[in-house]
Amino acid sequence: MNQAPRHYDKHLDFSDRQVLVVGGSSGIGNGIAQAFRSQGAAVEVWGTRSSASDYEGEEGSSLEGLSYRCVDLSLPESDSKRADLSLQAHRRLDVLVLCQGIVRYQRAEFEMPGFREVIEVNLMSLMRCASASFEALRQARGSLIVVSSTAAFHATRGNPAYAASKAGAVGLVRTLAQAWASEGVRVNGIAPGFVDTKLTKVTTANPKRLAAALERIPAQRLGQPEDMAGAALFLASPLAAYIYGQTLVVDGGLLL
């Protein structure tokens, strides 16, 4: 007996959903934030600048239709209580996307101040945000998505803190997913490959480095924030209702 085809588009409708994208002021996070907005969600983004107007005209940053809050997660936990308070103030939170991240070049991560700075933002703040948002996500039977990197799966020359923090993020996704599944919270992740953002300008602005990078990508192009946005919409939707603790690699085949 033939069954009527399922209509999957309704599962990507986020109308009346509350979404927070930490690190959503630019780059991958901004692409994800705008994707949820386009699907009907009310979206708040966090960034490090004083106001949304500070991002006007910046490439890869569009805050149109988004609410904005300045929260600096580079500060140690004792100096960053407002992040916890901001999360706990959410009366409802259906989807939390943690996309904050920094990298330090010129071997700065081999020195402990640089190493700590990167770990604080890329790993420590993930757990701080996840813990503070748990109750709101539990009440909404919501979804937590952690954006890490393919750097979690290979050595990253010159950036030990970046690689370690991203590997830690993948492990955190697995562990939180197991811990919170019975509470109705789904936890998953996205591991972007080489994405064209301001974080990768050190390569994309150098023709030789860019050519070498493209040579390693089977898809023969850089990723775009929109590529990561599609994965985020899927993971937060009912289409992924039976997916827990997975980090989806979105890299154009780079790791192959």
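This is a predicted model: local features need pLDDT of at least 70, side-chain atom pairs count only at pLDDT 80 or more; totals for chains, interfaces and linings use all residues.

Reader: Which residues form a nonpolar patch on the surface?

Author: F153, V249 and L255 do, and together they have about 230 Å² of accessible area.

Reader: And where is F153 found?

Author: F153 sits in the loop between β5 (143-147) and α4 (160-180). Its relative accessible area is 43%, so F153 counts as partly exposed, the class between 20% and 50%.

Reader: What about S148, buried or exposed?

Author: S148 is buried, at 6% relative accessible area. S148 is found in the loop between β5 and α4.

Reader: What is S148 in contact with, leaving aside neighbours within four places in sequence?

Author: The list is K166, A169, V170, I190, A191, P192 and T247.

Reader: OK, and where does D16 lie?

Author: D16 is in the segment before β1 (18-22). With a relative accessible area of 64%, D16 is exposed.

Reader: How about R107, what's phi there?

Author: The phi of R107 is positive too, near 60°, and R107 is a residue other than glycine. R107 lies in the loop between β4 (95-98) and α3 (112-140).

Reader: Why does R107 count as exposed?

Author: Because its relative accessibility is 53%, and exposed means over 50%.

Methods
Residues are numbered from 1 along each chain as its sequence is written. Side-chain values use heavy atoms; hydrogens and water are left out. Patches are made of residues with over 30% relative accessible area and no salt bridge: like charges are joined within 9 Å, nonpolar side chains (Val, Leu, Ile, Met, Phe, Trp, Tyr) within 5 Å. Accessible areas come from the Shrake-Rupley method with a 1.4 Å probe; for residues, only the protein chains shown count as cover. A salt bridge is a side-chain nitrogen of Lys or Arg within 4 Å of a carboxyl oxygen of Asp or Glu. Helices (H or I, at least four residues) and strands (E, at least two) are DSSP runs, numbered from the N terminus. Buried means under 20% relative accessible area, exposed over 50%, partly exposed in between (1.4 Å probe, protein chains only). Contact means heavy atoms within 4.5 Å.
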